[in-house]
Amino acid sequence: TGSLADGKLSTGDKVIASYDELRRYPIRNNHTGTHILNYGLKEVLGRDIEQKGSLVAPEKLRFDFSHKKALSFEELAKVEEICNKQIKDNLSVYYKDVPLEVASSIFSVRAVFGESYPDPVRVVSVGRPVDDLLENPSSEEWSKYSIEFCGGTHVSKTGDIKEFVIIEESGIAKGIRRIVAVSGSEAYEVQRVAKEFGTELEAVDKLPFSPLKEKKVKELGVRLGQLTISVITKNDLKNKFTKIEKVVKDEVKAKTKKEIKQTVDEVKEYFVENESAPFFVKFVNIPTNAKAITEAINHIKSSTKDKSIYLFTGNDPAGKVAHGCFISDEAIAKGVDGSGLAKTVSANIGGKAGGKGNVFQGMGDKPDGIEKAVSEVEALLKEKLVV
């Protein structure tokens, strides 16, 4: 059955049938790989599991089976180990057409539940000749081998598969799990990608703490989630990444806490030294930190509400500038407009600002304008608040 791309065929014509070897080769690998996966699952999870579907493609294999819960990483590692041992042992793959009734009597033979098979049926056995099975079909010895009814293409020896890697384990319906795996060159490729990522992760771990390291860790976290690699290796990499990420997060928290303290202390010290000053405008020489400004505003709100402040932070390479103000009720009564001040600042450092009442905050992207913004805000506040 097929379609004729061009030309003409007539009854009695002779044809040469062939297939695409480059496409067929990985399909053979993945098909035999599916059989040994079925065997590995049976060994690890028990004989109760039943095949519920499968896909054999050049780039991957997919196997659906009955099981009530997700496989643990230890179980997946054991299944993968069994599959790769079968490959390493370079077992011969045997097949033979056998009367259906006789074939069905072979101990531990695997067949898809509910599937209708022809008579005779093709028996595919990995590591043991079919004729040996037929000499004593009921022997429990056959449980040590992958034996299935199958009409598909297979490798002649398991060593042709080279390598077997599970890249996904998931649930697709109640009581049905799915495993996706790759073999041969595809397996080598996912291992190469995983090794490359692991090397990159180690290199970032050795970097001293800096905004660059913080940025790289975030990028690696996103990429790790998107990687198509061994499920087991991915879990190991996630564990390593989590440790690195925790160290970085702890460093960020400590750094942020130090910056907040510095900012609040500068406000406190200024008003201790200048008790009568109605306002304080300052560029605090720390990286962009809007939270530090918020905490300084909260300090003023809870201590000296009659003071006004306008603060700026942002000395990092990203070029972002955080700014914010608290305008006291007294200052508002004298005509100070917090919204107007924020607009003046944004005109110099870019970006937008917003707020209401006593508090306005914003973010800009032109650090070169900080000095002018500070100068203009000081002048506007002085004009309204200094007699």
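Student: In which helix does Thr263 lie?

Tutor: Thr263 lies in helix H7. Helices (H or I, at least four residues) and strands (E, at least two) are DSSP runs, numbered from the N terminus. Residues are numbered from 1 along each chain as its sequence is written. This is a predicted model, where local features need pLDDT of at least 70, side-chain atom pairs count only at pLDDT 80 or more, totals for chains, interfaces and linings use all residues, and side-chain values use heavy atoms, leaving out hydrogens and water.

Student: Does Thr263 count as buried or exposed, and why?

Tutor: Start with the cut-offs. Buried means under 20% relative accessible area, exposed over 50%, and partly exposed in between (1.4 Å probe, protein chains only). Thr263 has 0% relative accessibility, so it counts as buried.

Student: Which residues is Thr263 in contact with?

Tutor: Contact means heavy atoms within 4.5 Å. Leave aside the neighbours within four places in sequence, and Thr263 is in contact with Val284, Ile286, Ala292, Ala296 and Leu311.

Student: At what angle do H7 and H8 pack?

Tutor: First, the method. Axes are lines fitted to C-alpha atoms, for helices over the stretch in contact, and angles run from 0 to 180 degrees between N-to-C directions. H7 and helix H8 (residues 290-302) pack at about 35 degrees, and their axes are 8 Å apart. From H7, Glu259, Ile260, Thr263, Val264, Val267, Lys268 and Phe271 take part; from H8, Lys291, Ala292, Glu295, Ala296, His299 and Ile300.

Student: How do the residues of that contact divide by class?

Tutor: Learn the classes. Ala, Val, Leu, Ile, Met, Phe, Trp, Tyr, Cys and Pro count as nonpolar, Asp, Glu, Lys and Arg as charged, and the others, Gly among them, as polar. The contact of H7 with H8 has seven nonpolar, two polar and four charged residues.

Student: How do the axes of H2 and H7 cross?

Tutor: They come within 9 Å and cross at roughly 140 degrees. Angles under 35 degrees count as roughly parallel, over 145 as roughly antiparallel, 65 to 115 as roughly perpendicular and the rest as oblique. H2 is therefore oblique to H7. Phe73, Leu76, Ala77 and Glu80 of H2 make the contact with Val231, Ile232 and Asn235 of H7. Five of these residues are nonpolar, one is polar and one is charged.

Student: What span should H2 have?

Tutor: The expected span of a helix is 1.5 Å times one less than its number of residues. Helix H2 (residues 73-88) has 16 residues, so it should span 22 Å; its end C-alpha atoms are 22 Å apart, which agrees.

Student: Which residues of H2 are buried?

Tutor: They are Leu76, Val79, Glu80, Ile82, Cys83, Asn84, Gln86 and Ile87. The buried residues of H2 pack against helix H1 (21-45), strand S4 (121-126), strand S6 (164-173), strand S7 (176-183) and helix H7 (231-273).

Student: Which residues of H5 are buried?

Tutor: Gly184, Ala187, Val190, Ala194, Phe197, Gly198, Leu201 and Val204 are buried in H5. Their cover includes H1, S6, S7, helix H6 (211-226) and H7.

Student: How do the axes of H5 and H6 cross?

Tutor: They come within 10 Å, crossing at roughly 160 degrees. That makes H5 roughly antiparallel to H6.
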